[in-house]
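The sequence and the structure are shown next.

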Amino acid sequence: MADANAPSPPERPRLAPGVRLHFDTTRGAWVLLGPERVIETEGPASEILRRCDGSRTIGDIVDELASLYTADRAEIETDVNDMLAELVTKRMLI
């Protein structure tokens, strides 16, 4: 669950300037690269991040993932909002 003091993710999230999502062939995993920071993504995190392009709303992202994973939309929405709020706090997402 997200911290009550954490900033809310933007309605149309996108990676912050200087941050990019990259497939690292050495690790065999998607990583989020930022200034002096590397975050290895796990599970559906890379699917969420690949949709943070500034054109999709959080609702669009949740709908796409609920369809992709045939999962409960409310649960996915909570997970997406928590993850995005954490990345906003780390200044990896705007």
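## Starting point and basis

In which segment does Ala16 lie? Ala16 is found in the segment before S1. Strands (E, at least two residues) and helices (H or I, at least four) are DSSP runs, numbered from the N terminus.

The model is predicted: local features need pLDDT of at least 70, side-chain atom pairs count only at pLDDT 80 or more, and totals for chains, interfaces and linings use all residues. Residues are numbered from 1 along each chain as its sequence is written, and side-chain values use heavy atoms, with hydrogens and water left out.

Ala16 counts as buried because its relative accessibility is 7%; buried means under 20% relative accessible area, exposed over 50%, and partly exposed in between, with a 1.4 Å probe and protein chains only. Leaving aside neighbours within four places in sequence, Ala16 is in contact (heavy atoms within 4.5 Å) with Arg91, Met92, Leu93 and Ile94. From C-alpha to C-alpha, Ala16 and Arg91 are 6.9 Å apart in space, yet 75 residues apart in sequence.

## The sheet

Three strands form an open sheet in the order S1-S2-S3, with antiparallel pairing. Two strands pair if DSSP finds at least two bridges between them. Strand S1 (20-24) and strand S3 (37-40) are the edge strands, each pairing on one side only. From one strand to the next, the twist averages 30 degrees; axes are lines fitted to C-alpha atoms, for helices over the stretch in contact, and angles run from 0 to 180 degrees between N-to-C directions.

S1 and S2 run antiparallel and are joined by five bridges, and Phe23 stands opposite Trp30 in S2. Their hairpin has four residues between the strands, and Gly28 there takes a positive phi near 65 degrees. Strand S2 (residues 29-34) is joined to S3 by four bridges, again antiparallel. In the hairpin of S2 and S3, with two residues between the strands, Glu36 takes a positive phi near 55 degrees. S2 is mostly covered, with five of its six residues buried.

## Leu32 and the nonpolar core

Leu32 stands opposite Ile39 in S3. The largest nonpolar core has 22 residues, of which Leu32 and Val80 touch the most other members. Such a core is a set of buried Ala, Val, Leu, Ile, Met, Phe, Trp, Tyr and Cys residues joined through side-chain atoms within 4.5 Å. Helix H1 (45-50), helix H2 (58-69) and helix H3 (73-89) each supply at least two residues of this core, and H3 gives the largest share, six residues.

Not counting residues up to four places away in sequence, Leu32 touches several residues, including Leu15, Val19, Leu49, Leu87 and Met92.

## Packing of H2 and H3

The axes of H2 and H3 come within 9 Å and cross at roughly 130 degrees. H2 is therefore oblique to H3: angles under 35 degrees count as roughly parallel, over 145 as roughly antiparallel, 65 to 115 as roughly perpendicular and the rest as oblique. Among the contacting residues are Ile58, Val62 and Leu65 of H2, and Ile76, Val80 and Leu84 of H3.
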